[in-house]
Each structure stands twice: as C-alpha cells, then as structure tokens.
Amino acid sequence: MSESPYQDDRGNNDRSITKSGGGTAQPVKHGHSSPAPGTPFLIGEAMTGGYGKGPDILHCCTIAVEPGEIAVIVGPNGAGKSTAMKAMFGMLDVRSGRVMLDGEDITSLSPQQRVVKGMGFVPQTHNIFTSLTVEENLEMGAFIRRDDFRETMAQIYDLFPILKEKRLQPAGELSGGQRQQVAVGRALMTKPKVLMLDEPTAGVSPIVMDELFDRIIEVARTGIPILMVEQNARQALEIADKAYVLVQGANAHTGTGKELLADPEVRRSFLGG
Amino acid sequence: MEFLNGLVFLTNFVVVPALAYGAQLAIGALGVTLVYAILRFSNFAHGDTMAFGTAVTIKVTAVLVALGVSLGPLPTALLALPVGIIATGLLLLGTDWLVYKFYREQKAKPVILVIVSLGVMFVMNGLTRVFIGVRDIQFADGARFVMTVRQFKDWTGLDEGLAIRTTQAITLVTAAITVAALFWFLNKTRTGKSMRAFSDNEDLALLSGIDPDRVVRVTWLIVAALATIAGVLYGLDKSFKAFTYFQLLLPIFAAAIVGGIGNPVGAIAGGFLIAFAEVTVTYPLKKVLTYWLPDGMGPDGLVQLLSGDYKFAVSFMILLIVLLFKPTGLFKGQNI
C-alpha cells in the first residue's frame, strides 16, 4: 500500500472512491470539463490505465451507454470489469483515452464532480450508511441537492416498496438484498443521468438476485441508462441491451445481450457451453 | 419511618451528588465520544479543554461581578458561559488548523493522533495555568440552596434531611437541555445527519457530497460547547483547579468507554454509572445500613468500601473490566 508513515488503517480500504491519494488507485484530481458533441451519452473511449504506478490493467478498452439502455460488463475474474467502471467514474486516472458524459469531456473531473455532473455510482461494498435509517440514507444521497427532494424520495419508495415499509429502521439491520436496494436508492436521489452499479448482486441468494434484476429493469424503465458490472453473466446478458465481454482489460466481444448469449464462442468461454 | 429516613439519608449523601457528578461526566464524555466518532481518535486534551473553557468563564464572571451584573439566585457564571464557549471554540479551531489538520491530511493512524492529542494536552495545560494560575478557585455565587436540610425536615417531619444545592439543580437542568439539544441536532438537522453519515462511512459521505472540512469544524465547535459546559458545571458544583480537570480525564474516558465509545447514549449512561459507582464505593454507608437493617444488626465499621483518595481506582477497575469482557461497551459502540 502507501509508504506514508501516517497511513490510515480504517474504513473502506478502497480509498480510491474518494480520491484521497492514500489508497492504491490514483483518482482524478479536480479539473474542468470541456464540450465534446456528437459522442454517445456516456462513453469511456479507448481507456488505458491501472492502479498507482502498477502495470496497465485496461488496454484500449471502450464502454458506451446510450439513453434508455442497460449495458453490462461481463468477463472472467480479473478481466478488469470493475476497473473499467471505476475508470469511467474517475476513481482511477486513465493514462490515455477519455470519458464523455452527455456531450461533455469529463476525463479530468474528480468522482465527486462527476456525481454533480449526473453520475450515480453504487460501490460494491460499504455502499450504505449502516447506522442511519433508510430514510436518512436517502436524504444523504440527496445532500448535493438544495431543492425539495421529497418527490424523488416518493418515486424511490414506489420503486422499492420494502424501503418505505422499513424507512425508519437502521439500514444496517436490513437483509443483503434490501441493503442493495437502499444503496441503489441512495444513488438515485441525485436524479442521476446515468446509474453505475458495481456487482449489485454480489453475495445475495439466487432468489434475491432475480428480484434485484427485476428492480434494476424497473429503474431502467424510468428512463435512466444503467451501466452494470456483473458476475452472473447469463442473467446479466438476458437483461442487457448492450453487453461488453472484457478479457485481460480489453474488449473481447461486444453486442446486444441476445447476440452474445447466442455466440458459440462466448457460450463456450464464459457461460459453460 | 426507619426505611424512609435511610432512603432520605442515602439520597442526600449519595444519589443527589452522584446525579450531579454523573451529569457533569456525561457531558464531558459526550465531547470525547464525538471526537472519537467523527475525528476518530481519543482526545486526551479534553480535560484541559474543559479547564480552559472554565478558566475563561471564571475571568469573564469576575469582570461581570465587578461591573455589578448578577443573575439573582443563579450563579453569574451562567452569563459568562457563552463567552467561554466561544473562546474555547476558537482555541479548538486554531489547534485543529495548526496541529490536527496536518495529520488528518496525512491520513494518520488513530494511535498517532492520540499521541498528538497528548502533546496538545500539555500545551493547553500550560496555557490554562499561565492564564489563571494553579490555585483552587470558587466562583459560584447566588443562592446556595434550592432546598435546605431544615426546610426539608420541617416539611416532612423526618429525622434526616435532604438538601439540594443550587449548583446541583443547575447541573441537572443544564445537562438535560444540552443533551436534548445535541440529540435534536444530530438526529434532525441536515448538518447533524451529515456528521453521523461521515462518522459511519467516510468514503460514501464524500461521494454524497458532504464537505469533510465543514463536518470537522462543526464537530470542534460542539465539542468546545460540551467541554466548557461540563467544566463550568463541575467547577460551580465543586471548585476549579487546573490539575483536578486534568485528572477528570480518567473518569470521563471510563464513562465514554463503558457506554461504548462513539455512541452518545452510551456516554450518558456511562457517565452516570461511573459517578454512582465512585460515590457509592467511597461514601461511608454505616448510617443507611443502621436504618435499614433490624435493630442490633447495624454494622460496627463505617462501611466505606474505599477511601476517597482512591476514587480514581473505581474508574480504573470499571474500565479494565469493560475492556476485558465487553470492549465495545454496554451500548453498541465502536471497537477500540
């Protein structure tokens, strides 16, 4: 890790999500965006980069999401799926390539600035405030908003009825699937232009997983494009409008979910025949 | 009648003093627990922060008294208290800017910050002594009693009397208001919730757009208010002496840890637990037992379990037992 003699040993060890500089990744420092018209809604274009001074993990990797789509990133372990998503969110600095959102080049913005620009991000772990109630979690999600966010909160309660029922309970007391719903709800409170989910079904049971996928489809139906990293390749491809198979940090296959499910090579390599 | 006399005696010499002392410890422990929960280190300078706030309050009180200002039956120090809080707040913000900020930016381990706070403690200790001296200072004025022993005896007709000193009543009322205001702030306001969110998951809080510098500033200001209030209440109830406040660090930390450090409810419960344990163990209970036990069975000795000089041993013992068997404290606190 870091050579700093004062190094911290607490909290979410993935320090990169807050650009503190104490962790492994080198997040983007505050910068300015510039217009980049005529590109897809959200695109990480030809991204090359890795953690700290280490070797490149991404090799000229391109991921794009259009409005109204669910895009998934699948691939074998260590393929750089989460890394690709983190690069698009600014949690690690790409060495070449650029990231564009809604016609703006946001490559030099920090993760927090990207949230303000309309990116909603749900980390894989430590993605809720466990000691705060469900409702307070949602309120904290809306912290950057100064307007009345009750309407957004009501929409989220419609999407996730269980959260309304448990809104006064500490979020840490909920089940794994419910906690993921809180995490997604928290990210939706900023009314993001795009929602990014890092393995939303990690560590939940198959039944809960199906329910979570249903909920994610419902979120997509409200018009928010979704970019998702998934371990469960088959289910993910079934709901995907666009899918990226990454192998060793590079694009291996790209297509609609159905195309990739039908592709014999993808089936043989990743779906077990 | 025997039972009631015993009860009144116990209330007069144990329950009421312990309630007041417990409330003072509780407010002190709340300050310690807030620093631990949000800034994530044990602030050893807290006792001397209390001493500094009290010292400023005493000086301002002296000026007010010299000007002929008075609150009637209430101590004048209550008028000077806000000035003490503001001065302490400025001192803590200055200390943070000068010292803690550097270590925070380095992402220093909590143990390094503890040692840093130890250094801050010695500096504040010296500062307070240079400012006000090392003497014992009584600064309570106004009415001495809310209810005297004679009034109580005349009113009830019991043999034993119950006195409630003004400072004890003020301590309990002020403590109740302070705690209610703090909990309202933490649970109902946007800033308070953002402080709890920051304490819970720093990274996610930053991601949600919560400004860490603002959280730190507000925390120090609240800690300054809590420390000054606790210090002034203790000083009014007993007396002010810089060294005594330094020693208060032990029961205050014991209270915070027993209740579960980082948990405000725990700090309050811990404060009262430590206070009751300390007062009960060091007070001679002979008279109570004589009242309560059947005739002839009353104890011969004083039934003072521990000499008053050893009162800190009580905090130490409770601290050791809790850390050995339930390191997270009685309420769900953070692990040390």
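This is a predicted model: local features need pLDDT of at least 70, side-chain atom pairs count only at pLDDT 80 or more; totals for chains, interfaces and linings use all residues.
**Chain B**

The secondary structure of chain B consists of 14 helices and two strands. A compact globule of 336 residues would have a radius of gyration near 20 Å, and the 21 Å of chain B agrees with this. Further values for chain B are listed below.

| Property of chain B | Value |
|---|---|
| Span of the C-alpha trace along its principal axes | about 70 × 55 × 35 Å |
| Buried residues | 45% of the 336 residues |
| Contacts with a separation of 6 or more that join residues 24 or more positions apart | 75% |

**The nonpolar core**

The largest nonpolar core has 169 residues, and those with the most contacts inside it are A:Val72, A:Ala84, A:Met196, B:Ala26 and B:Ala255. Helix α1 of chain B (residues 2-39) gives the most to this core, with 19 residues. In chain A, domain 1 (28-118 + 192-273) and domain 2 (125-191) both give residues to the core, so it lies between them. Leaving aside neighbours within four places in sequence, the contacts of B:Ala255 include B:Leu25, B:Ala26 and B:Ala29, as well as B:Ala267, B:Gly270, B:Gly271 and B:Ile274.

**A sheet in chain A**

Six strands of chain A form an open sheet with mixed pairing, in the order β7-β8-β9-β4-β10-β11. Strands β7 (119-122) and β11 (250-255) stand at the edges; each has a single partner strand, so one side of each is left without a neighbour in the sheet. On average, neighbouring strands of this sheet are turned by 15° against each other, direction ignored. Within the sheet, β8 (residues 194-198) and β9 (residues 226-229) of chain A run parallel and are joined by four bridges. A:Asp198 stands opposite A:Val229 in β9(A).

Terms used. Residues are numbered from 1 along each chain as its sequence is written. Chains are lettered from A and ligands numbered from 1 in the order in which they are written. The radius of gyration is taken over C-alpha atoms; the globule rule is 2.2 Å times the number of residues to the power 0.38. A residue is buried if 20 or more other C-beta atoms lie within 10 Å of its own, exposed if 12 or fewer, and partly exposed in between; C-beta atoms are placed from the backbone. Two residues are in contact if their C-beta atoms, placed from the backbone, lie within 7 Å. A nonpolar core is a set of buried Ala, Val, Leu, Ile, Met, Phe, Trp, Tyr and Cys residues joined through C-beta atoms within 7 Å. Domain bounds come from an automatic or database domain assignment. Two strands pair if DSSP finds at least two bridges between them. Axes are lines fitted to C-alpha atoms, for helices over the stretch in contact, and angles run from 0 to 180 degrees between N-to-C directions.
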